[in-house]
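User: I'm new to this one and would like to know where its labels come from. Could you take me through them?

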Amino acid sequence: MAAIFSPSSPVISSSATTTACKTPTKPPHSSLFTPTKQSLTSLLTATLATTTLLTASPSLAEPAQTYHIYYGTAASAANYGGYGGNSDKKASAEYIYDVPDGWKERLVSKVEKGTNGTDSEFYNPKKRTEKEYLTFLAGFRQLAPKDAVLNNLALSDVDLQDLLASADKVASEEKKDDKGQLYYVYEIDGVGSHSLISVTCANNKLYAHFVNAPTPEWNRDEETLRHVHESFKTVQ
């Protein structure tokens with residue numbers, strides 16, 4: 001009897017060991033594989049967002065500003081519009097400046113021309129107070145001191161008076177063009193607006209070119225406004 005049962009113990013033991021070895025076990029849970037689906041979703045989302053931005057960027061870019069030249073005649077109120085209104089402005093021009101394409105011309109009345117010397121004006125239709133205009137006064141052979149010129153211009157320009165009264169900073173300098181003609185250049189930084197002014201004498205007249213804009217428009221369009229300011233010159 002002992003001989004019959006004695007070998008069974010190793011068999012059982014071996015069987016138990018074999019069974020224990022073959023018991024299926026789950027693979028260890030790895031954190032590297034858990035977010036695979038999530039990571040793929042995030043990657044696709046990021047790729048789509050980048051593609052959208054790259055695709056949309058050309059439409060977001062604003063086109064470069066273009067300009068056309070205005071030829072001003074600085075005619076007296078008596079000769080306003082020329083004879084019959086058909087005079088060749090380019091041939092009789094006394095000054096020129098650039099006007100941004102899209103801006104509108106405001107027709108200056110004969111009374112306005114006779115009282116404060118306004119000769120021409122253009123404005124941005126999106127914001128009428130963003131504008132450029134020119135005034136002239138006859139009987140000036142040369143420029144007075146810079147401070148005197150600016151104060152005299154303000155006497156006939158209420159907007160300029162208000163701007164100077166509330167100005168945070170007023171800068172002025174003298175410049176000469178390639179022909180040696182002297183220009184006074186002013187920059188006025190007001191509480192709610194900004195102004196660039198260029199003044200010169202030629203043809204026995206004083207010409208003053210103004211570029212005005214509220215602060216938000218100035219911050220947005222500074223490059224354009226400085227361009228039109230620097231484009232002004234007299235034609236001799």
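Predicted model: local features only at pLDDT ≥ 70, side-chain atom pairs only at ≥ 80, totals over all residues.

User: Why is threonine 200 called buried?

Analyst: Buried means under 20% relative accessible area, exposed over 50%, and partly exposed in between (1.4 Å probe, protein chains only). Threonine 200 has a relative accessible area of 0%, so buried is the word for it. You'll find threonine 200 in strand E8, residues 193–202; strands (E, at least two residues) and helices (H or I, at least four) are DSSP runs numbered from the N terminus.

User: What is threonine 200 in contact with?

Analyst: Contact means heavy atoms within 4.5 Å. Leaving aside neighbours within four places in sequence, the partners of threonine 200 include Leu143, Tyr183, Tyr207 and Phe232.

User: What makes E3 and E6 edge strands?

Analyst: Two strands pair if DSSP finds at least two bridges between them. The open sheet of seven strands runs E3-E4-E5-E9-E8-E7-E6, with antiparallel pairing. Strand E3 (104–105) and strand E6 (169–176) each have a single partner strand, so one side of each is left without a neighbour in the sheet. Two bridges join E3 to the antiparallel strand E4, residues 118–124, and there lysine 104 stands opposite tyrosine 123.

User: Why is the pair of tyrosine 70 and tyrosine 97 called tilted?

Analyst: Rings of Phe, Tyr and Trp (its six-membered ring) pair if their centres lie within 6.5 Å; planes under 30 degrees apart count as stacked, over 60 as edge-to-face and the rest as tilted. For tyrosine 70 and tyrosine 97 the centres are 5.4 Å apart and the planes at 35°, so the pair is tilted. This pair links distant parts of the chain, with tyrosine 70 in strand E1 and tyrosine 97 in strand E2, 27 residues apart. Both tyrosine 70 and tyrosine 97 are buried.

User: Which residues do ring pairs link into a cluster?

Analyst: That cluster is made of Tyr70, Tyr95, Tyr97, Phe122, Tyr183, Tyr207 and Phe232.

User: What lies over the face of tyrosine 123?

Analyst: That's arginine 128, at 4.0 Å from the ring centre. A charge sits over a ring if NZ of Lys or CZ of Arg is within 6 Å of the ring centre and within 35 degrees of the ring normal.

Note on methods. Residues numbered from 1 in each chain as written. Heavy atoms only, no water.
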